[in-house]
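Below is a briefing on helix packing, aromatic contacts and one backbone angle. The sequence and structure come first, and the notes follow.

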Amino acid sequence: MLRTILLLTFSNVFMTFAWYGHLKDTGIPLWKAIAISWGIAFFEYCLMVPANRFGYTNGINGFQLKITQEVITLIVFSVFAVFYLKEPFHWKYLVSFALLIGAVFFMFKK
């Protein structure tokens, strides 16, 4: 499980930069932002596919993998938005995350 979580985390770092990194410099032509994003996304897939394969073959089902990935995505994106995009973090985001953590709890409950 730890290997899956680590791979999902690193893959989400690449995904976040691929999808949102260009927002800091909107002067780049859109076609160039798309090309750069595709290049970055390649590395995301190189980590995401093995993460899902390792998790699935070690007993984590597809639903559990997806909800885990979504929580990791939100954590990675929050750090990215605050430190890279310099966006404020509001209390309502914490409430939303708490509800998602509840979803994870119920997803893994036996």
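**Helix packing and aromatic pairs**

Helix 1 passes helix 3 in a right-handed crossing, a term used when the near helix is turned clockwise from the far one by less than a right angle (left-handed if anticlockwise). This is a predicted model, in which local features need pLDDT of at least 70 and side-chain atom pairs count only at pLDDT 80 or more, while totals for chains, interfaces and linings use all residues. Residues are numbered from 1 along each chain as its sequence is written, and side-chain values use heavy atoms, with hydrogens and water left out.

**Helix 1 against helix 3**

- Helix 1 (residues 2-20) and helix 3 (residues 62-83) have axes 9 Å apart, at an angle of about 55°; helices are DSSP runs of H or I with at least four residues, numbered from the N terminus.
- Axes are lines fitted to C-alpha atoms over the stretch in contact, and angles run from 0 to 180 degrees between N-to-C directions.
- Residues of helix 1 in contact (heavy atoms within 4.5 Å) include Ile5, Leu8, Val13 and Phe17, and those of helix 3 include Leu65, Ile72, Val76 and Phe80.
- By class, this contact of helix 1 with helix 3 has eleven nonpolar, seven polar and no charged residues; Ala, Val, Leu, Ile, Met, Phe, Trp, Tyr, Cys and Pro count as nonpolar, Asp, Glu, Lys and Arg as charged, and the others, Gly among them, as polar.

**Aromatic pairs**

- The whole structure holds eleven aromatic pairs, meaning rings of Phe, Tyr and Trp (its six-membered ring) with centres within 6.5 Å; planes under 30 degrees apart are stacked, over 60 edge-to-face and the rest tilted.
- Phe17 and Tyr84 pair edge-to-face, at 5.3 Å centre to centre and 70° between the planes.
- Phe17 lies in helix 1 and Tyr84 in the loop between helix 3 and helix 4 (91-108), so this pair ties together parts 67 residues apart in sequence.
- Phe17 is partly exposed at 36% relative accessibility, and Tyr84 is partly exposed at 27% (buried is under 20% relative accessible area, exposed over 50%, partly exposed in between; 1.4 Å probe, protein chains only).
- One aromatic cluster is formed by Phe17, Trp19, Tyr20, Phe77, Phe80 and Tyr84.

**Backbone at Lys86**

- Lys86 lies in the loop between helix 3 and helix 4 and is exposed, at 61% relative accessible area.
- Its phi is near 60°, a positive value in a residue other than glycine.
- Most residues other than glycine have a negative phi.

Key
Helix = DSSP H or I, 4+ residues; strand = E, 2+ residues; numbered from the N terminus.
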